[in-house]
Amino acid sequence: MSEAPKREIPPAFSPEDMARRRRRSVALALVLAGLVIFFFVVTLVKTGPAIMNRPL
Amino acid sequence: MSAAFDRFVSRTDGAISSTGEARDFFALLKPRVMFLVVVTALGGMVTAPGTIHPVIGFASLLAIAVGAGASGCLNMWYDADIDALMVRTAKRPIPAGRILPSEALAFGLTLSVGSVIVLGLVANLLSAAMLAFTIFFYAVVYSMWLKRSTPQNIVIGGAAGAFPPMIGEAVVTGDFGLHSIVLFAIIFLWTPPHFWALALVKSGDYARAGIPMLPNVAGPAATRRQIVAYSLVMAPVAVLPALMGFGGLAYLIVSVVTGLAMIALAFRVLRVTEGEAAHKAAYALFGFSILYLFLLFAVLLAENSLGLMWALPKVLG
């Protein structure tokens, strides 16, 4: 039985590549945090300030 | 295929994740196009007969901008093969190997769906449906079909770039009327002279990539005549907002003066046909056309939102 051709494994990321990926992750985290604030503010505006006035 | 295309394939084959940075993903959104979309959508919002809460207006504008960026990203994903062949686009993130095609596709689809849902929740269903249609029109109708099949590609595809003012008006009123249809017409008629001026200079690039732009199919002379014809129709249409009462005296002056300049530059493109001077004439028209569209909408914005409107008698509409 003939062996299936082996797929070449890409070389590991260099420290510089890892630093770039880390910066990318930080940017993504900032965007997600911004989205949380965005949805919070828009929800307040859409529903009005009464949404904060709820019995516990 | 060319060596450039082979390099593009070898760089992306087999990899599962790139080392692209945030700025590479941002570049996929075509930020300069996004900026014009924001300006034109805002134009549709401020000239709409109605008012909107500033936060809702800002959120809607953000969703429209992200939707426009998403369609640009899907365009870059689909066109990566021909972008690798053209000098003007070879350094874009996908052909340069900084972003994988699969990453760009996932990014574009996620932002498309997200922007449409957000606009639907924040504003209304009509504006969300129009944004979805605009993304579909640019990514599928223009990028996947028209661009590689007809020299009228940017004429019909120009509609995608012309929709934002209509989306802007739909955000405010839940409907769209004559004002945003006029703004649509201005951008729609502006697109052919703008792109064909660039295509005259970059016809070698387009020929290499096999894209049937008008200069490559009908020839430079026919393209120059078409540029003049569209400019002659566009400039008077651009004055309509002043005659219909949603552009004031400043808009009237700016639209007439810059419209005449556009026509003069178009005629120079028609007249100067040889050598470096012909390239300069085409570049001058291309560069000025961006300033022209920006100025028209900037004045509309200033007049309608900053209280700088010196109203004129309404002649039409």
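The structure is a predicted model, in which local features need pLDDT of at least 70 and side-chain atom pairs count only at pLDDT 80 or more, while totals for chains, interfaces and linings use all residues. Residues are numbered from 1 along each chain as its sequence is written, and chains are lettered from A and ligands numbered from 1 in the order in which they are written. The model as a whole scores ipTM 0.77 and pTM 0.87. Among the elements of chain B, the lowest mean pLDDT, 51, belongs to helix 1 (residues 3-12), and the highest, 97, to helix 14 (residues 249-271). Where pLDDT is low, the predicted coordinates should not be read in detail.

Of the 56 residues in chain A, 2% are buried. A residue is buried if 20 or more other C-beta atoms lie within 10 Å of its own, exposed if 12 or fewer, and partly exposed in between, with C-beta atoms placed from the backbone.

The helix packing in chain B comes next. Two packed helices are described by the angle between their axes and the distance between the axes. Axes are lines fitted to C-alpha atoms, for helices over the stretch in contact, and angles run from 0 to 180 degrees between N-to-C directions. Helix 7 (residues 125-146) of chain B and helix 9 of chain B cross at roughly 165°, and their axes come within 8 Å. The two helices are therefore roughly antiparallel to each other; angles under 35 degrees count as roughly parallel, over 145 as roughly antiparallel, 65 to 115 as roughly perpendicular and the rest as oblique. Their crossing is left-handed, meaning that the near helix is turned anticlockwise from the far one by less than a right angle, with right-handed used if the turn is clockwise. On the helix 7 side of chain B, the contact is made by Leu126(B), Ser127(B), Met130(B), Leu131(B) and Thr134(B), and on the helix 9 side by Met166(B), Ile167(B), Ala170(B) and Val171(B). Two residues are in contact if their C-beta atoms, placed from the backbone, lie within 7 Å. By class, this contact of helix 7 with helix 9 of chain B has seven nonpolar, two polar and no charged residues. Ala, Val, Leu, Ile, Met, Phe, Trp, Tyr, Cys and Pro count as nonpolar, Asp, Glu, Lys and Arg as charged, and the others, Gly among them, as polar.

Helix 9 (residues 164-173) of chain B also packs with helix 10 (residues 178-201) of chain B, at an angle of about 165° and with the axes 8 Å apart. Helix 9 and helix 10 of chain B are therefore roughly antiparallel, and helix 9 passes helix 10 in a right-handed crossing. Pro165(B), Met166(B), Gly168(B) and Glu169(B) of helix 9 meet His179(B), Ser180(B), Leu183(B) and Phe184(B) of helix 10. This contact of helix 9 with helix 10 of chain B divides into four nonpolar, three polar and one charged residues.

Helix 10 of chain B has a further partner in helix 15 (residues 275-305) of chain B: their axes come within 8 Å and cross at roughly 155°. That makes helix 10 roughly antiparallel to helix 15 of chain B, and the crossing is left-handed. Residues of helix 10 in this contact include Ile186(B), Trp190(B) and Leu198(B), while those of helix 15 include Tyr283(B), Phe286(B) and Leu293(B). The contact of helix 10 with helix 15 of chain B has 14 nonpolar, three polar and no charged residues.

A few single residues complete the picture. Ala302(B) lies in helix 15 of chain B and counts as partly exposed, with 16 C-beta neighbours inside 10 Å. Ala302(B) and Val46(B) are 256 residues apart in sequence and 9.4 Å apart in space, C-alpha to C-alpha. Gly248(B), in the loop between helix 13 (220-243) and helix 14 of chain B, is buried, with 20 other C-beta atoms within 10 Å. Lys30(B), in the loop between helix 2 (22-28) and helix 3 (31-46) of chain B, has a positive phi of about 50° although it is not a glycine.

Methods. pLDDT is the predictor's confidence in each residue, from 0 to 100. Helices (H or I, at least four residues) and strands (E, at least two) are DSSP runs, numbered from the N terminus.
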